[in-house]
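Here are some questions and answers for a reader meeting this structure for the first time. Please look at the sequence and the model before reading on.

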Amino acid sequence: MQAGHVSPARAGRHRRSAFTAAFLSLVFPGLGQAYLGAYRRALGWAAPPLLLGSLAAGFAVQMGLSELAGIAFQAWFPPGVFAANLVLLAYRGASIFDAWLIARAIDAAPTRGASVGSLTLARTAGIVSIAGLAAVVLVMSVAHVAVARYDLLLATTADCIFNPEVDCDGTETEPPGESPSPTPAETGTPEPSLGPEVTAPSVPPWDGQERLNILLIGADEQGGGHNTDTLITLSIDPQTKQAVMFQLPRDTVDVPLPPGPLRNFFGSVYAGKINSLYVNTRNRPDLAPGGRNTRGYNALKSVLGHLYGIDIKYFVEVNFRGFRQAVDALGGVTINVQVPVLDNDFPRPNDQRVRLFVPAGMQHMTGAEALDYARSRKSTNDFERGARQQRVIVSLRQQMDLSNILPNIESLAEAVRDNLTTDFPRELLPQLLGLAEQIDARSIRSVIFTPPYYQVECLSCPPRGYIIQPRVDRIRAAVKEAFTIDPIFAEARDTLAAEGASVWVLNGSGRQGEAAALTHYLSYLGMLAAAPNQKPDTSGLTATTIRAYNGAEADFPFTVSTLEEIFGVTVEPVGDPTVVADFMVITGVQTPQLTAPPAP
């Protein structure tokens, strides 16, 4: 054989690049070995990741994306990912190096009669090959460093969200024992004095079967305060996959207090506005259990749970800054604005006032725009404001999917890490997210406890100013029957309560107790009904007579249609400024005998 001649078989082996073998094993362990013809070795490298990948895929399919997301927030998950990432890094590195060594061994096998030039080329090729191996290892390491970085991001975010006692925003919190923020004159309470520390009762966690109640809190921290302006209790029935949101307006006062330290200190009711209860209790270990960051939330859960007659186990709070950032991180939110919003005196920082206008129709909003839409309250009532807040929540729920979350994971994590907190147990999160996935967001009912049906309004009540006082029996009845009542009837009652028309019932038939019974029935339907002790003029009347006074037929259209449907007569418009009621129902001999069912 002549010097420098390479046989066809050796030439074929020399065409197998060590860099290519290493790169293929970077793509998947064993590919480089298969490329070099070492098929058994390739199978040995490929089998473990294939087997583990198949098991993981089967587990993922069985669990579902929502439950998998819940698993990602478990305390053990980030350390587990970190360890698995290191093991996989070492395994992939070993596979890459093994493929490179095999290729180099083939390439380095001596060829009889090789020239000095060919040996020099071989040494040069070896240096290039080592550089190629280093490049492949560097690419692989960068990928695993990125995984470790996101794993750390997940760990810190989860720790901040699920451990309310940890301060993650860098701000200082008041030490235990500080006096409540509101003054005694504002709350109608005596000067504070610390008593024995309240210990948390042993409460069993949610079992996945019973009704689950979670308090959703929106906090306004402008000006250094912490007003819990949005208080929505999300109630979920795991059996029927139904959900209802109950909202209590921020200006509600005289909320009844449960027996115990809160009642002993404040009295039978909390005289202040409900949005101040948090700051009045967060630094008072003698009033509510928990640490410095959870005591106020525990007080809110206890008081609202007592008002509603339910057990509120957990809370989730997001402040307004975090809400803006989270919406922006998701690329905004699209909301169906059913009623346009016009506020000519909308507050801005530094005591500035601007004109806010949100037209009706589908609107894509930034975080700031969505927050303005939810918070405006000057030109609308509390019912409409609460409805807008719940509409924003439902719209976000409908648009929360992986295609929106994954591209914005860093900015979203930053937004929620510093601005969202909850005491919901991590271990129950997969179960909750799996349940949430089965609930149609469009079917979630909203009940907002506003005047006049659920509360009594006082526009100016010194020294407390504007307040609303709860009708506790009506609120508790609505909460108790939330999942047993016909949803169509419930929606109609909420609409009637929202219109808030006043209806007088006068007994024109002479049947004893008829006006009182009919008033009770109309109240059950959601109307603000009363039976004043007046004897109407029934000359020539046998059927029911319904009159709408001073334009009420245009102002309260659903009330008109409901009254006409119930009694089978047409509402008569009447102009009489001396009548303060919106509608008057005068019974006759043909009026049906209607009675409300017993209170639940």
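Q: Which residue in S18 is the bridge partner of Ala548?
A: In this predicted model, strand S17 covers residues 545-549 and pairs with S18 in the parallel sense, over three bridges. In S18, the residue that bridges to Ala548 is Pro573.

Q: Which strands stand at the edges of the open sheet of five strands?
A: The sheet has mixed pairing, and its strands follow the order S16-S15-S19-S17-S18. A strand with a single partner has one side left without a neighbour in the sheet, and this applies to the strands at 528-530 and 572-574. From one strand to the next, the twist averages 25 degrees. The edge strands are therefore S16 and S18.

Q: At about what angle does helix H22 run to S19?
A: Helix H20, residues 514-525, lies across S15, S16 and S19, and runs at about 155 degrees to S15. Helix H22, residues 557-567, lies across S17 and S19, and its angle to S19 is about 5 degrees.

Q: Is Leu31 buried, partly exposed or exposed?
A: Leu31 belongs to a nonpolar patch on the surface together with Phe19, Phe23 and Val27, and the accessible area of the patch is about 350 Å². Helix H2, residues 18-27, supplies the largest share of this patch, three residues, while Leu31 lies in helix H3, residues 31-35. Buried means under 20% relative accessible area and exposed means over 50%. Because its relative accessibility is 38%, Leu31 counts as partly exposed.

Key. Residues are numbered from 1 along each chain as its sequence is written. This is a predicted model: local features need pLDDT of at least 70, side-chain atom pairs count only at pLDDT 80 or more; totals for chains, interfaces and linings use all residues. Side-chain values use heavy atoms; hydrogens and water are left out. Two strands pair if DSSP finds at least two bridges between them. Helices (H or I, at least four residues) and strands (E, at least two) are DSSP runs, numbered from the N terminus. Axes are lines fitted to C-alpha atoms, for helices over the stretch in contact, and angles run from 0 to 180 degrees between N-to-C directions. Contact means heavy atoms within 4.5 Å. Patches are made of residues with over 30% relative accessible area and no salt bridge: like charges are joined within 9 Å, nonpolar side chains (Val, Leu, Ile, Met, Phe, Trp, Tyr) within 5 Å. Accessible areas come from the Shrake-Rupley method with a 1.4 Å probe; for residues, only the protein chains shown count as cover. A salt bridge is a side-chain nitrogen of Lys or Arg within 4 Å of a carboxyl oxygen of Asp or Glu. Buried means under 20% relative accessible area, exposed over 50%, partly exposed in between (1.4 Å probe, protein chains only).
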